[in-house]
Amino acid sequence: MSSRTITADAAGTWKLGDLPVHRLGFGAMRLTGSAAFHHGMPSDRDRSIAVLRRAIDLGVDHIDTAAFYFSSLRSANELINSALAPYPDDLVIVTKVGPYRGYDGEWGTSARPEDLRGHVEENLRQLGRDHLDVVNLRRMPTYDSIAEHFGALAELREAGLIGHLGISNVTPRHLAEARAIAPVVCVQNRYALDRPDPDGDELLRVCGELGIAFVPFYAVAGDAGERGATTAHDEDVRAVARAHGASPAQIRIAWTLHQGPHVLAIPGTGNPDHLVENVAAGAIRLTGEELNRLGRAHQQAC
């Protein structure tokens, strides 16, 4: 398929609260190095900045980031600020809080409810913003209930530091818990074509019924996770890719978007060519037969 002229609007739009976004967004995790966090080699700063500016040129208006997205030399938030400030009026930046990494890159104790204001203000400083469009609370294994943490973010929303709230790494029970406190505009969970996740299937369905955006992460990476995109594509994915003249990664993105009009994709990359391919995946229209074939593969994985 030709990908050079395809822009993010080909994927359609959804709203995060009152904020319209193209369903094909950009994940900033991979901007900082050849693999996320302190894995791999730090990225070339100029190249990462060029990728961000190219994403905007291609119509991307939804960027997912976090203060803990940094490598030994690069910070995703700093790169976003340097590349894009002053920000386009229609750009929605989504951050997440909860996890914590020290300057050495090691993971520290996850945030207590009273720590979350500091996490929010750190994102504000790094991004050069006076408020954050959307903040996701990332549920950590150290707490089962999210009520106290989400309640703390709801207070910051009331104070004007946050526009909208989301949650990450949750179950339908956590979604109900959060919605009893404040509106939820998005749920960000790990979800992929080849990943066993019946709970994720249920959460995807519930979000669709409630009109809440479902935002999978590692949809392209699969089991490779933070270390990069998977190369373990099964024959069903490869066959559909050949039929469309596309890459397996593009088919994985397209399958993600086909899971519902409320599903957003946030593939990340530090490679300008991969960026163009990722955005172009939003124009792929899978047939019913192809969706059934890939769906069987997903069910078999489960």
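Buried means under 20% relative accessible area, exposed over 50%, and partly exposed in between (1.4 Å probe, protein chains only).

**View 1. Strand β7 is mostly covered.** The model is predicted: local features need pLDDT of at least 70, side-chain atom pairs count only at pLDDT 80 or more, and totals for chains, interfaces and linings use all residues. Residues are numbered from 1 along each chain as its sequence is written, and side-chain values use heavy atoms, without hydrogens and water. Helices (H or I, at least four residues) and strands (E, at least two) are DSSP runs, numbered from the N terminus.

**View 2. Strands β6 and β7 pair in the parallel sense.** L137 stands opposite I167 of β7. Between β6 and β7 the chain passes through helix α4 (residues 147–158), in a right-handed β-α-β crossover. Right-handed means that, with the strands pointing away from the viewer, the path from the first strand over the helix to the second runs clockwise.

**View 3. Strands β7 and β8 also pair in the parallel sense.** Strand β8 (residues 186–190) is joined to β7 over 3 bridges. G166 has C186 in β8 as its bridge partner. With helix α5 (residues 172–179), β7 and β8 form a right-handed β-α-β unit.

**View 4. The protein has 10 helices and 9 strands.** Its C-alpha atoms fill a box of roughly 50 × 45 × 35 Å, taken along the principal axes. Of the 302 residues, 55% count as buried.

Conventions. Two strands pair if DSSP finds at least two bridges between them.
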